[in-house]
Amino acid sequence: MRIGVYGAGAIGGHLAVSLATAGAEVSVVARGAHLDAIRRRGLSMGARTVQLPASADAADLGPQDAVFITLKSHQLPAALSGISALLGPETAVVTAMNGLPYWYFHGRGGGRIESVDPGGHIQAAIAPERALGCITFVAAEVSAPGVVHHTGGAEYRMGEPDGRPSPRLAALADLLREAGIAVRVSADIRVDIWLKLLANVSISPVSALTGASVGEAAQDEGARDVIRGAMEECQAVARAFGVTIPISTEDRIDKTAAFTTHRPSMLQDIERGRPPEIDPLLGSVRELGRMAGLETPVLDALYALIRLRTATNR
């Protein structure tokens with residue numbers, strides 16, 4: 001099975017090193033100094049260094065049996081031509097990204113989330129029938145070009161959008177397990193997506209705005225009030241679309257309080273002068289809230305502040 005990883009950053013790098021170490025035929029799409037380092041010295045994570053095909057031009061790698069998209073969600077529209085070059089007639093596309101996926105309403109009456117798929121270009125380029133849903137619980141960052149620093153976690157949750165088992169899902173789950181990644185096959189991957197989104201629209205923006213770790217934010221009384229409000233709004237929006245997130249706000253915040261050194265990707269992006277994920281996370285939940293006739297004042301405030309923080313990030 002040929003596996004392409006589009007976006008060899010923290011999550012994609014962790015995936016690629018894990019797969020390659022286990023003997024899988026894996027190649028990566030990367031760019032800049034990170035790509036140069038991978039070509040010269042290989043891709044490293046801890047004591048492991050792997051040599052693997054890498055290019056900024058996906059056409060160099062050719063069609064794959066499966067493609068894991070591990071980009072930041074807002075980077076996907078600009079990568080569509082490259083991803084298309086990796087697609088054969090039966091290629092599965094695993095959307096291992098934060099936020100609501102472009103295929104969210106596939107099989108549920110159709111529809112599109114503009115914040116996620118502006119103009120519908122993603123659905124036009126990557127048929128929703130190709131998609132497998134995936135969320136990752138991996139704490140990692142690119143600490144230097146060609147080097148991934150893995151600080152904890154190695155769990156994926158994967159599922160077909162219609163919830164049914166399939167040969168391609170089983171094959172990919174087995175492959176990941178052989179690479180040392182725990183995989184939970186989900187009967188309703190949308191529930192798992194909302195479960196991760198719950199923190200991404202609350203704790204992550206508070207951390208990004210304050211510079212606090214997620215644990216520090218969760219332990220601060222004032223910040224906790226803001227986080228709680230955002231989570232409650234997110235849960236209300238999910239319920240309006242038929243999803244009950246299987247954890248209370250207090251439990252979710254308490255689970256985060258122990259991670260006193262973890263800096264979420266939104267904070268890492270702000271610190272490094274890169275645009276963070278805003279619309280596919282906060283924007284998408286606000287958009288669905290409007291569809292359902294729900295007000296989301298805390299999410300609206302966080303959205304406005306993160307946009308301003310990004311605009312003034314110097």
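Helix 9 runs over residues 221-240 and has 20 residues. From its first C-alpha to its last it reaches 29 Å, close to the 28 Å expected at 1.5 Å a residue. The model is predicted.

**Helix 9**

- Just after helix 9, Gly242 has a positive phi of about 85°.

**Helix 5**

- Helix 5 takes in residues 167-178, twelve residues in total. At 1.5 Å a residue it should span 16 Å, and its end C-alpha atoms are 17 Å apart, which agrees.
- The buried residues in helix 5 are Leu169, Leu172, Ala173, Leu175 and Leu176.
- These residues cover an arc of only 160° around the axis, which puts them on the same side of helix 5.
- An α-helix has 3.6 residues a turn, so residues three or four places apart point the same way.
- Pro167 and Glu178 are exposed, on the other side of helix 5.

**Aromatic rings**

- A pair of aromatic rings is described by the distance of the centres and the angle of the planes.
- The structure has three aromatic pairs.
- In one of them, the ring centres of Tyr104 and Phe105 are 5.3 Å apart and the planes stand at 90°, so the pair is edge-to-face.
- Tyr104 has a relative accessible area of 2%, so it is buried.
- Phe105 is buried too, because its relative accessible area is 11%.
- Phe105 also pairs with Phe241: this pair is tilted, with 6.0 Å centre to centre and 55° between the planes.
- Phe105 lies in the loop between strand 7 (87-96) and helix 4 (121-125), while Phe241 lies in the loop between helix 9 and helix 10. The pair therefore ties together parts that are 136 residues apart in sequence.
- Phe241 has a relative accessible area of 22%, so it counts as partly exposed.
- Taken together, ring pairs link Tyr104, Phe105, Trp194 and Phe241 into a cluster.

**Arginines over rings**

- Arg190 lies over the face of Tyr104, at 5.4 Å from the ring centre.
- Arg286 lies over the face of Tyr303, and here the distance to the ring centre is 4.2 Å.

**A buried serine**

- Find Ser204 in helix 7.
- Ser204 has 9% relative accessibility, so it counts as buried. The cut-off for buried is under 20%.
- Leaving out residues up to four places away in sequence, Ser204 touches Ala199, Pro264 and Met266.

Technical notes
Residues numbered from 1 in each chain as written. Predicted model: local features only at pLDDT ≥ 70, side-chain atom pairs only at ≥ 80, totals over all residues. Heavy atoms only, no water. Helix = DSSP H or I, 4+ residues; strand = E, 2+ residues; numbered from the N terminus. Expected span 1.5 Å × (residues − 1). Buried < 20%, exposed > 50% of the residue type's maximum accessible area, 1.4 Å probe, protein only. Contact = heavy atoms within 4.5 Å. Arc of directions from axis to C-beta. Phe/Tyr/Trp six-rings, centres within 6.5 Å; stacked < 30°, edge-to-face > 60°. Lys NZ or Arg CZ within 6 Å of the ring centre and 35° of its normal.
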